[in-house]
Amino acid sequence: MADSQTHNQGDIQSLEHYWMPFTANRQFKSSPRMLAHAEGMYYKDVAGRPILDGTAGLWCCNAGHGRKEISEAVSKQIHEMDYAPSFQMGHPLAFELAERLAQISPKGLNKAFFTNSGSESVDSALKIALTYHRANGEATRTRFIGRELGYHGVGFGGISVGGIGNNRRTFNQQLLQGVDHLPHTLDIKDNAFCRGMPKTGAEKAEVLEQLVALHGAENIAAVIVEPMSGSAGVILPPEGYLQKLREITTKYGILLIFDEVITAFGRVGDAFASQRWGVVPDMITTAKALNNGAIPMGAVLVDDNIYDTCMQGPENAIELFHGYTYSGHPVAAAAALATLNIYESEKLFERTKELEGYFEDAVHSLKGLPNVIDIRNTGLVGGIQFAPSEKGVGKRGFGIFEHCFEAGTLVRATGDIIAISPPLIVDKQQIDQIVNTLGDAIKAVG
């Protein structure tokens, strides 16, 4: 008994040294949820209990867990060359990966700038936009436009163009100046329980015309939006909305950046949401599923014209004063190449389209359960929104998340919204298990 108590005290004490991100640390450490193993569609906790992954980790593991193709590629590369500098030096895998990405990217986006995360991809894209306009002789174009409820990572640039209140408030005085926000596209009153894209709301893109009239197009560098807002709770663009943004930005020479850190690599049924929804931006930010979450990595996909415009001046001059120690890291690149091979050989992007109808019906079967006020879906991602509890905003959502975990299924809570985004290898039986567990949790929490 004494040995057991000592072990438990040691476990509790060992939790105290890690300051966890985006977590109520004291709440977690009083009742920890610890994962210890992952394979296929399942995690196992420290007690060996299987947990069905309904979130692809954190929107990352689109090919499922424990893929030997990826671990073997990583092991081989780390033995051959663990690290190579990317400043004034190169290594073959980074160039190979950039070429592979160009092959699956929207037309014209043939250049890749490598980062380590979605946050870094966003800040890099903003810097590239400023560099481009300066090289193009339009140095006054310095303003950025984001969108309410947008999430673009946690760098100061990303928080500035982002539109989630709690992410901004703490650092409000340190955010970038010269940033505006378009209205969000969530409209539960008119579009609740819509399957796929809402039919109404495209006119919200026209607010961009008002911002152009206010500030002058000659002062606006870029508009950045998520094609689908993931972190805010699966908020879809209305039909025609993204097309209107593209039309207006093109009209005024403003760059359009799509943040596809969540939607890229098959989540909505094509390699990129821009392809699924027929709109080609000037840049796309990626990370997460780029290498199945195996090793931190991100990329900014850039239109040829932006790159070519920046390639001016003396040949020995640095064109972009920006980069990271780990840009194009060889081991991360090896993981990404192996991941792209899996996506292609197993046709996982096509699999999303094959399953999305079944997934849609399953998710919408939750309509009518207690306190469910909206359900939203596209591809293999769904969001279920609840009326707030009398105990406070987010209490109901977190309670449902906890109940699902105890029942052996991992979902994601964002306030009073539950998001589900399983790996693309999910089958119909597992979709049923995720949704049934979620339904039981909704009834239990009330």
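## Strand pairing and the open sheet

In this predicted model, strands β2 (residues 42-45) and β3 (residues 50-53) run antiparallel and are joined by three bridges. Within this pairing, Tyr-43 has Ile-51 of β3 as its bridge partner.

Both strands belong to an open sheet of four strands, whose order is β1-β2-β3-β13 and whose pairing is mixed. The edges of that sheet are formed by β1 (35-39) and β13 (409-410), each of which pairs on one side only.

## The contact of helices α5 and α14

Helix α5 (residues 92-104) and helix α14 (residues 330-345) have axes that come within 9 Å and cross at roughly 30°, and this crossing is left-handed. On the α5 side the contact involves Leu-93, Ala-94, Glu-96, Leu-97, Arg-100, Leu-101 and Ile-104, while α14 contributes Pro-330, Ala-333, Ala-334, Ala-336, Leu-337, Leu-340, Asn-341 and Glu-344. By class, the residues of the contact of α5 with α14 comprise eleven nonpolar, one polar and three charged.

## The second largest pocket

The second largest pocket holds about 1100 Å³ of space. It is lined by 31 residues, of which Ser-86, Ala-112, Phe-113, Tyr-307 and His-322 are the closest to its centre. The lining of this pocket divides into 19 nonpolar, ten polar and two charged residues.

Among the contributors to the lining of the second largest pocket, β4 provides the largest share, with four residues.

How values were computed:
Residues numbered from 1 in each chain as written. Predicted model: local features only at pLDDT ≥ 70, side-chain atom pairs only at ≥ 80, totals over all residues. Heavy atoms only, no water. Axes fitted to C-alpha atoms, helices over the stretch in contact; angles between N-to-C directions. Helix = DSSP H or I, 4+ residues; strand = E, 2+ residues; numbered from the N terminus. Left-handed = near helix turned anticlockwise from the far one by under 90°. Contact = heavy atoms within 4.5 Å. Nonpolar A, V, L, I, M, F, W, Y, C, P; charged D, E, K, R; others polar. 1 Å grid on protein atoms, 1.4 Å probe; cavity = no way out; pocket = protein on both sides within 12 Å on 5 of 7 lines; lining within 4 Å. Points joined across faces, edges and corners; volume = space filled by probe spheres on them. Pairing = 2+ DSSP bridges.
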